Amino acid sequence: MRMSSVQLDATVHIPVLEPLRRVNAALLDLVRSFTADDWRRPTVHPDRTVKDLTAHLLQGSLSRVSIMRDGYRLPSTTVTNLEALIALIQRTNREFMTTMRWVSPRILTR
C-alpha cells in the first residue's frame, strides 16, 4: 500500500463527524439493550464492570462537551512527563467511574 504524501495539520479538513455520530448511535443502541445482569458483567479490566466502562465513555463525552461547547476547563495541573499525564488520566477516570456507581444505568444512557 502506498502512503499519501499529504501532510495533515489544522488546515486539513477530515470529515469524521458523521461517522462518529453513527458509531455513537450504535453504541447507545447496544448499551440500551443491556439487561441488569449485563451491566454487572466483568470486563478484561479486573476491577471494572460493563457499567464502569460505559461511565468511562460518558466521561470522555461530557469532558469534550464541557471544553468545546462551554469553554469550561479545570484549573491547570502541572504535568511534567508522560508518566504524570497517564497517572492524571487514570485517576480522573477512576474517580468518575467510582462516582457513577451511585447512578442507574438508565442515567448513563439518556
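Asn93 is located in helix H4, which spans residues 82–100; helices here are DSSP runs of H or I with at least four residues, numbered from the N terminus. The model is a predicted one, in which local features need pLDDT of at least 70 and side-chain atom pairs count only at pLDDT 80 or more, while totals for chains, interfaces and linings use all residues. Residues are numbered from 1 along each chain as its sequence is written, and side-chain values use heavy atoms, with hydrogens and water left out.

With a relative accessible area of 10%, Asn93 is buried. In this classification, buried denotes under 20% relative accessible area, exposed over 50%, and partly exposed the range in between, computed with a 1.4 Å probe on protein chains only. When neighbours within four places in sequence are left aside, Asn93 is in contact with His56 and Gln59, contact being defined as heavy atoms within 4.5 Å. Gln59 belongs to helix H3 and is likewise assigned as buried, at a relative accessible area of 11%. Under the same exclusion of neighbours within four places, the contacts of Gln59 are Thr92, Asn93 and Phe96. Between Gln59 and Val12, which are 47 residues apart along the chain, the C-alpha atoms are separated by 28 Å.

The packing of the two helices was examined next. Helix H3 comprises residues 50–68 and packs with H4 at an angle of about 115°, the axes lying 9 Å apart. Axes are lines fitted to C-alpha atoms, for helices over the stretch in contact, and angles run from 0 to 180 degrees between N-to-C directions. The crossing of H3 past H4 is right-handed; a crossing carries this label if the near helix is turned clockwise from the far one by less than a right angle, and is left-handed if the turn is anticlockwise. On the H3 side the contact is formed by Lys51, Asp52, Leu53, Ala55, His56, Leu58, Gln59 and Leu62, and on the H4 side by Thr92, Asn93, Phe96, Met97 and Met100. Classified by residue type, this contact of H3 with H4 contains seven nonpolar, four polar and two charged residues. For this count, Ala, Val, Leu, Ile, Met, Phe, Trp, Tyr, Cys and Pro are nonpolar, Asp, Glu, Lys and Arg are charged, and the others, Gly among them, are polar.

Charged side chains were then considered. Side chains of opposite charge can pair when their charged atoms come close. The structure holds six salt bridges, each defined by a side-chain nitrogen of Lys or Arg within 4 Å of a carboxyl oxygen of Asp or Glu. One of them joins the side chains of Asp52 and Arg101, with an N to O distance of 2.9 Å. Asp52 lies in helix H3 and Arg101 in the loop between H4 and helix H5 (105–108), so this pair ties together parts that are 49 residues apart in sequence. Asp52 is buried, with a relative accessible area of 4%, whereas Arg101 is partly exposed at 46%.

Salt bridges also occur within helices. The side chains of Arg40 and Asp37 meet at 2.7 Å, N to O; because these residues are three apart in helix H2, about one helical turn separates them. Arg40 is exposed, with a relative accessible area of 54%, and Asp37 is partly exposed, at 46%.

Arg48 presents another case. This residue lies in the loop between helix H2 (36–40) and H3. Arg48 is buried yet has no salt bridge, and the nearest side chain of opposite charge, that of Asp52, is 6.0 Å away. In this assignment Lys and Arg count as positive and Asp and Glu as negative, while His and the chain ends are not counted. Apart from residues up to four places away in sequence, Arg48 touches Pro42, Thr43, Leu53, Gln90, Arg94 and Met97.

Exposed positions include Arg22, located in helix H1 (residues 17–32), with a relative accessible area of 52%. Pro15, in the segment before H1, is exposed at 62% relative accessibility. Pro15 and Thr78 are 63 residues apart in sequence, and their C-alpha atoms are 33 Å apart in space.
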